[in-house]
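Please consult the sequence and the structure while reading.

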Amino acid sequence: MNTSVPKRIHIIGSVGSGKTTLARTLSTRHDIPYYELDNVVWQRAEPDDIRRSEADRDRLLLGIIESERWIIEGAHLKWVSPSLQHADLIIFLNPSYATRVYRIITRFMKQRLGIEQAHYKPTFAMFRKMFQWNETFQREGKQQIQCTLAGYPGKVLIVNNDTQLKEQLELWNQNQHLPVRQQKRTS
């Protein structure tokens with residue numbers, strides 16, 4: 001059994017699931033570069049971000065996954081199959097709906113107060129969109145992700161709560177990890 005942190009990790013989940021926080025944590029602890037899929041889709045610019053063409057987006061993603069070590073995080077599913085295929089581990093962060101709502105509200109308040117940075121302007125319109133994305137995930141996205149990840153047996157870790165995540169992080173800190181197993185779908 002491999003007893004080290006995987007070199008190529010893809011983290012997926014809804015808005016407010018903790019993807020960026022986990023990616024930053026793993027990146028810092030294990031010196032693995034991390035990439036946010038939103039920054040692959042969007043070229044950051046003032047006053048407004050510019051959406052990359054699909055060809056540019058895909059080329060940028062392929063450039064990342066050609067690296068020896070990476071952590072990629074995002075809610076995107078349809079165009080990220082190259083990342084899923086090349087990942088040693090796919091982590092599906094699946095906290096409860098209420099947890100995600102709490103995190104969306106908390107993040108927005110911190111961003112509006114300048115305590116936390118954002119790659120986007122934290123407007124009330126964006127705040128509303130996050131709730132819409134969360135609802136769409138709950139209604140459709142979760143099942144789509146689970147169906148897609150069923151095609152990657154042996155390398156999917158589904159994390160439903162902070163306790164599971166803390167246990168996994170502690171094992172990695174001890175230079176071990178739980179055997180990855182396909183888990184049952186969650187409602």
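Lys-7 has a relative accessibility of 38% and counts as partly exposed, where buried means under 20% relative accessible area, exposed over 50%, and partly exposed in between (1.4 Å probe, protein chains only). The model is predicted: local features need pLDDT of at least 70 and side-chain atom pairs count only at pLDDT 80 or more, while totals for chains, interfaces and linings use all residues. Residues are numbered from 1 along each chain as its sequence is written, and side-chain values use heavy atoms, with hydrogens and water left out.

**Salt bridges**

- The structure contains eight salt bridges, each being a side-chain nitrogen of Lys or Arg within 4 Å of a carboxyl oxygen of Asp or Glu.
- One of them joins Lys-7 to Glu-68 (3.6 Å, N to O).
- This pair links distant parts of the chain, 61 residues apart: Lys-7 lies in the segment before S1, and Glu-68 in the loop between helix H3 (54-65) and strand S5 (70-74). Helices (H or I, at least four residues) and strands (E, at least two) are DSSP runs, numbered from the N terminus.
- Glu-68 is exposed, at a relative accessible area of 55%.
- Arg-44 and Asp-49 form another salt bridge (2.4 Å, N to O); Arg-44 is partly exposed at 32%, as is Asp-49 at 26%.

**Helix H6**

- Helix H6 (residues 124-149) has a kink of about 55 degrees centred on Phe-137; the bend at a residue is the angle between axes fitted to the seven residues ending there and the seven starting there.
- The buried residues of H6 include Met-126, Phe-137 and Leu-149.
- Those buried residues pack against strand S1 (8-13), helix H4 (81-86), strand S6 (89-93), helix H5 (97-112) and strand S7 (156-159), with contact meaning heavy atoms within 4.5 Å.
- Salt bridges with shared partners connect Glu-135, Arg-139 and Glu-140 in one network.

**Nonpolar cores**

- A nonpolar core is a set of buried Ala, Val, Leu, Ile, Met, Phe, Trp, Tyr and Cys residues joined through side-chain atoms within 4.5 Å.
- The largest has 22 residues, of which Ile-90 and Leu-149 touch the most other members.
- Apart from it lies another core of 16 residues, including Ile-32 and Val-159.
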